[in-house]
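This briefing goes through a single protein chain by topic. Keep the sequence and the model in view while reading.

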Amino acid sequence: MSPPFLPRAALRLGFLGLAPLAISALITLSAHTSTARLGAIAFSLYAAVLLSFLGGVRCGVEIMRDPQSPNATRLLFSALPGLAGWVLAVLVVFVTPALGASAAFAGLFAAQGAWDYRSARDAAAPAWYPVLRQVLTGGAMLICLLIPLATLMHHL
């Protein structure tokens, strides 16, 4: 069985949505401390925005699944990754760049992606949606893990 066809617009917009995350992650690797700090703040804020967006998608899918009686627990859980992302972003803004924050963001993207993938059929999502989420979640996680990896390599 071949994988479902991914609509070009969804794939292109998905990758375009990852661009600010990648660019800000690269800026965190600057040799200039103040530039790297701004990159870390931008990275954290944008990661929180992405997690909030994905939570909104989850909320919308749940409402579409049962418009008259959406599951309150699923609605609550749809907000948690975004809220956790904003807590991490605040920590990065007010605490000197926490390298662990980028790894924590990778974990949040992984959790959100796994939940989306697992529940896509139950939510009557298009057949291509789980594949798109796998690709974009993998990209987001790689970008998040670029920061601690590059920092480690720089200190070797």
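The model is a predicted one.

**The largest cavity**

- Searching the whole structure turns up one cavity of 30 Å³ or more.
- The space inside the largest cavity comes to about 40 Å³.
- Its lining consists of R58, V61, E62, R65, R74, S119, D122 and A123.
- Helix 2 contributes four residues to this lining, the most of any element.
- R58, one of the lining residues, also lies over the face of W115, at 4.1 Å from the ring centre.

**The second largest pocket**

- The volume of the second largest pocket is about 400 Å³.
- Its lining is made up of 19 residues, and those nearest the centre of the pocket are L13, G14, F53, L54 and L136.
- Helix 1 (8-27), helix 2 and helix 5 (129-155) are the elements that each give two or more residues to this lining.
- By class, 15 of the lining residues of this pocket are nonpolar, three are polar and one is charged.

**Aromatic pairs**

- A pair of aromatic rings is described by two values, the distance of the centres and the angle of the planes.
- How many aromatic pairs does the structure hold? There are two.
- Is F43 buried or exposed? F43 counts as buried, because its relative accessibility is 2%.
- F105 is buried as well, with a relative accessibility of 0%.
- Why is the pair of W128 and Y129 called edge-to-face? The ring centres are 6.4 Å apart and the planes stand at 70°, and an angle over 60 degrees counts as edge-to-face.
- W128 has a relative accessible area of 24%, so W128 is partly exposed.
- Y129 has a relative accessibility of 15% and therefore counts as buried, as the limit for buried is under 20%.

**Cysteines**

- A disulfide is a covalent bond that joins the sulfur atoms of two cysteines.
- How many disulfides does a search of the whole structure find? The search finds zero.
- C59 has a relative accessible area of 25% and is partly exposed.
- C144, in contrast, is buried, with a relative accessible area of 0%.

**A25 in helix 1**

- Where does A25 lie? A25 is part of helix 1.
- The relative accessible area of A25 is 0%, so this residue is buried.
- Between the C-alpha atoms of A25 and S44 the separation is 9.1 Å, and the two residues are 19 residues apart along the chain.

Conventions
Residues numbered from 1 in each chain as written. Predicted model: local features only at pLDDT ≥ 70, side-chain atom pairs only at ≥ 80, totals over all residues. Heavy atoms only, no water. Phe/Tyr/Trp six-rings, centres within 6.5 Å; stacked < 30°, edge-to-face > 60°. Buried < 20%, exposed > 50% of the residue type's maximum accessible area, 1.4 Å probe, protein only. Lys NZ or Arg CZ within 6 Å of the ring centre and 35° of its normal. 1 Å grid on protein atoms, 1.4 Å probe; cavity = no way out; pocket = protein on both sides within 12 Å on 5 of 7 lines; lining within 4 Å. Points joined across faces, edges and corners; volume = space filled by probe spheres on them. Disulfide = S-S within 2.5 Å. Nonpolar A, V, L, I, M, F, W, Y, C, P; charged D, E, K, R; others polar.
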